[in-house]
Structures are given as structure tokens and as C-alpha cells.
Amino acid sequence: MTANTNYPDNITALYARLSQEDALDGESNSIANQKKILLKYATDNGFPNPKFFIDDGVSGVTFDRPGWNEVIRLAEAGKVRTVIVKDMSRMGRDYLKVGYYTESFFAERDIRYIAINDGVESDKGDNDFTPFRNLFNDFYARDTSKKIRAVMRAKGNAGEHLCTNPPYGYQKDPADKKKWIVDEEAAEIVKRIFDLCIAGKGPMQIAKLLTAQHVLTVKAHYAQRDGKPLPEKPYKWSPKSVAGILERPEYTGCTVNFKTYSKSHKLKRRLHNAPENQRIFPNTQPAIIEEQVFARVQELRENKRRPAKQAERQGLFSGLLYCADCGSKLHFATGKNMTPQQDCYRCSRYKSNTGDCTMHFIREGTLKLFVLQRIFDVTALFFDDAMAFEEAARKQRFQEAEKEAKKRKREIAQAEKRITELDRIFKRIYEDDIIGTISHERFLKLSADYEAEQKELTEQVKAWRQAVETFEQDQADFASFAAIVRKYVGIRELTPTIVNEFVKKIIVHAPDKSSGHRRQKIELVWNFIGEVNLPGDDQTVERQRKGRTA
């Protein structure tokens with residue numbers, strides 16, 4: 001129903017509702033059957049101006065329904081004389097709300113209320129059993145909700161997809177509706193969105209690019225795929241839609257269940273679930289985005305870039321630079337009165353000598369040369385002697401960790417052997433206690449000691465496994481970095497994509513001018529492998545002092 005519909009006065013509102021759960025009860029509750037019963041009752045009893053108001057597929061625990069809202073709007077306008085439903089449960093399953101409408105809202109407006117099958121009719125006085133019937137309807141909704149939640153939790157814990165429709169980029173497998181397969185056309189757009197984010201574009205910029213390139217929106221893509229008419233603006237992408245795609249871990253091939261929850265079956269608002277309460281199942285569908293790419297995008301999204309005052313000049317390293325002293329970000333500084341050669345980054349807590357940090361600044365041109373040279377050096381070392389490069393990284397990050405991992409693996413094997421042995425010992429002393437070979441007091445003391453030892457070993461094994469997994473992940477990260485090096489061998493200039501794939505963050509120190517030259521230390525932290533200090537590299541840039549320091 002729409003608010004613009006013209007209705008006569010003295011309407012007899014014939015209200016029908018059916019939820020998905022109610023549909024399981026069979027034909028008796030179908031909308032068609034409800035309409036038949038309601039119209040026959042209104043006709044047989046001479047009620048004027050009968051009008052249907054329908055809510056199909058809507059739960060009775062909520063009263064925010066289009067059809068019901070229209071009944072209430074017309075009632076408040078004084079146009080409704082009578083409201084008829086098949087039974088009380090069709091009106092709703094929240095006994096407090098049902099009681100409010102039947103005992104207060106309708107009574108105050110002299111609106112007659114009839115529930116045919118329950119024998120409820122307001123003009124005939126109060127029915128003492130009606131409040132209990134409403135309570136039973138509420139209990140039915142609560143019980144149904146508990147059963148549905150139990151089924152959904154069982155499915156979620158088994159790794160099944162809980163969402164009705166796959167995310168954009170996937171579609172249901174025609175051969176098995178529980179599985180997702182890649183929607184190739186949409187998947188290419190998903191990859192492009194992630195590539196644009198790696199290239200330094202935010203959701204707003206990406207949305208504008210997709211709109212300008214006449215890429216069908218998510219809704220329009222579904223309509224075209226299903227042979228339906230396209231929406232009014234089929235190419236108008238929204239930043240919210242782009243951000244939603246960038247935040248979906250399912251594109252890495254996993255399933256994430258229990259991301260949200262509801263406090264009550266009466267509340268439709270979903271709340272974000274804590275990460276420890278979520279369940280992640282890897283490799284449940286083909287991956288569209290590599291895990292490393294997804295992780296890098298999340299890092300970039302956390303470090304959102306502040307738009308430059310000059311829209312045509314954007315900082316290549318915005319969001320990546322940090323002050324060595326206070327830890328704050330360095331913001332990109334440009335302006336109409338500044339040439340591109342003067343564009344620089346400044347500590348956000350300096351604030352023209354009014355903040356609580358010193359003047360940390362560095363020219364973007366200087367930084368470009370430094371980072372490009374570092375990438376060139378790393379790439380050259382990797383290809384000249386890949387073993388030496390890996391050894392340089394391993395000495396700084398992996399060498400001690402590798403020794404520790406080997407040690408932990410041996411300790412895990414020994415601890416697991418002891419845990420199994422303790423199970424056998426416990427079983428043996430339990431049998432000795434039963435047959436009286438040892439006293440019960442002795443059994444209790446021994447069992448407590450063995451259980452304490454086993455608990456301690458189990459916790460140690462868990463911690464050791466985590467340490468080994470961290471080391472193995474570091475090894476995988478090194479392989480990922482090597483893949484980036486191979487990808488960009490021979491580069492001659494930097495792009496936002498190259499910077500974001502190589503660089504995790506850059507730490508800028510305050511300049512040292514004591515030698516008559518401006519010397520400034522810069523720490524470059526690579527993606528995946530952290531810091532790697534190359535032979536003979538002191539990580540500084542130097543300029544002679546001529547007039548103003550650049």
C-alpha cells in the first residue's frame with residue numbers, strides 16, 4: 001500500500017499476514033486462504049468498504065510492516081472503522097504490542113476489532129482469554145526463533161554458508177545450491193576494485209571511476225544476469241557499496257559465520273560480533289582475491305588518507321609515513337603557492353611549532369628518490385643473488401626464529417607423548433583405586449598431580465604451536481615478498497600501486513644538521529618481511545645546507 005492511495009471513509013480493513021515460518025503450517029495460513037475468509041466474513045456481515053492490507057513473508061514479532069503501517073496511518077487519519085483478521089496471531093506475535101493496539105489504540109479511536117477464528121470482537125466486550133492467547137502467540141514466536149537459531153548455529157559451526165545469497169562476485173552452484181562458484185564477470189570488477197585500492201584510491205574515488213566507465217552496479221548486474229529490467233541508474237556506484245566489497249573476507253575463499261547477532265527475537269537490528277565469537281572456515285569456495293592482497297587492503301583502509309588541498313596533487317606516500325619521535329602520522333602538505341618541488345610531509349603534532357613535537361618534515365621528491373633506490377637495490381640484490389638476499393632477511397628476522405621453531409617442534413612432540421602417557425597412567429591408577437590396590441586418598445593425590453601436569457603441558461603445546469605457526473607464516477610472507485620483487489623488476493618510476501605493494505610504513509627521524517649538512521634517517525618497513533638492512537646502507541638522505549633547507 002502507498003501513502004498516496006485515496007481511500008473512502010469508514011474503511012473495513014481486512015488484514016492478512018504470513019511469515020516464512022507460518023508458511024510451513026500449510027495452506028490454512030496462506031494469504032489466498034486468509035483473503036477468502038476475511039472477504040466472506042465482511043460480506044456476510046455487511047461491513048462497508050472492505051480493503052485488503054497484506055504483509056507477505058514478514059515476521060509477526062515486528063510491527064514495522066508496510067501493510068500494517070498503512071492500516072495505522074489510515075486509522076490515525078480517522079478513515080478506518082473496523083479491522084478484521086483471521087486470528088490474533090495474524091495481527092502479531094508480540095503480546096505487549098498486540099495488547100496495546102487492541103486495548104488502547106483501537107479503543108481510543110472507536111475502531112472495531114475482530115479476530116474471526118478466535119471469537120474476539122471488541123463490540124461484544126472483553127474476552128478474558130484473549131490476553132492469554134496473545135501470550136501463547138508470543139511464546140510460539142519465541143520458541144520458533146530458538147529452534148531456527150539452533151539450526152543456524154549448527155549449520156554455521158559445520159562451515160555452511162549462512163547468508164541467503166552469495167556476495168557479489170560469486171553465484172550459487174547450479175549442481176549444489178549450498179556451494180558458491182565464481183561469477184566471472186562480477187569477479188573481474190571485484191579484482192579491479194581491490195587493484196584500485198592498492199593503487200591508492202578510496203571508495204569515493206573508486207565509485208566515481210566505475211560510474212564514469214559505465215560498469216553495472218551490483219543491483220544492475222544481478223538484474224541483467226536474471227533477465228530483469230535494469231534499475232533507474234544502472235551505473236551509479238556508491239562509496240558504501242565499494243567499501244562493502246573491500247571488507248568482505250569471503251573473497252579470499254573462506255566462509256565467516258556469526259559476524260553479527262541479535263539480542264532478542266523481537267529486535268531486527270543486528271550487532272557486530274566480537275572476532276573471537278566468529279567462526280572462519282578456509283577454502284570453502286574458489287578465491288577471487290589473494291589473502292596477502294586482502295590483508296594489505298585492510299591495512300590501507302585503516303590508514304585512510306587525508307585529501308590534499310590541491311586535488312590534482314596527491315601524496316604518493318600519504319598514510320604510510322610516521323614520526324620517529326611521537327609516532328604520529330606525517331601529513332602531506334601542498335598548496336597554491338607551493339611548487340610540486342616544495343610538496344612535503346610534516347608531523348601532524350608539530351603544527352607550525354605550536355604542537356608538542358619537533359619539526360619532522362621531508363620533501364616528497366627526496367622521498368621518491370630514496371624509496372625508488374631502495375626498491376632498486378632490493379630487486380637487484382634479489383636477482384643477483386637470491387640466496388644472499390634471503391640470507392640477509394633471514395639473519396635479521398628468521399634465523400633465531402628458525403632455531404626456536406625447530407626447538408619448539410621437538411618439545412611439542414615430547415609433550416604430546418607425555419600427555420598420552422599420562423592418560424594411560426590415569427586409567428591405570430583409576431583401576432587400582434577401584435580394585436583397592438591403592439587407597440582412595442592416594443588416588444586423589446596422584447590424579448590431581450597428573451591432571452595438573454597434563455593441563456600445564458596442554459597449555460604449553462598450544463603456545464608452542466602458535467609460535468611455530470607464526471614462524472611458518474613468516475616463511476610464507478617471505479615468498480609473497482619475493483613474488484612482488486619479481487613482479488616489478490626493472491621499474492624506473494614509482495606508482496601508488498608499487499608503493500603500496502612494497503611498503504608497509506616509513507619512519508621519518510628529525511634531521512641532523514650538526515655536520516653542516518642536512519642528514520635525515522629514514523626507516524623503510526617492507527610488506528611481509530619488515531625491515532631489511534642491506535650491506536653498507538645507513539638509511540639516511542643527505543643534502544648540503546644552501547639557504548633554506550629543502
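Is R90 buried or exposed? I looked this up and found R90 buried, with a relative accessible area of 0%; buried means under 20%, exposed over 50% and partly exposed in between, with a 1.4 Å probe and protein chains only.

I note that the model is predicted, that local features need pLDDT of at least 70, that side-chain atom pairs count only at pLDDT 80 or more, and that totals for chains, interfaces and linings use all residues. Residues are numbered from 1 along each chain as its sequence is written, and side-chain values use heavy atoms, with hydrogens and water left out.

**Entry on salt bridges**

I took a salt bridge as a side-chain nitrogen of Lys or Arg within 4 Å of a carboxyl oxygen of Asp or Glu. My search of the whole structure gave 19 salt bridges. In one of them, R90 meets D87 at 3.6 Å, N to O. D87 is also buried, at 10% relative accessibility.

I next looked up R225 and D183, whose side chains form a salt bridge at 3.2 Å, N to O. R225 belongs to helix α8 (residues 218-225) and D183 to the loop between β7 (176-182) and α6, so the pair ties together parts 42 residues apart in sequence. Helices (H or I, at least four residues) and strands (E, at least two) are DSSP runs, numbered from the N terminus. R225 is partly exposed at 38%, whereas D183 is buried at 7%.

I also recorded R301 and E247, with their closest N and O atoms 3.1 Å apart. R301 is buried at 14% relative accessibility, while E247 is partly exposed at 44%.
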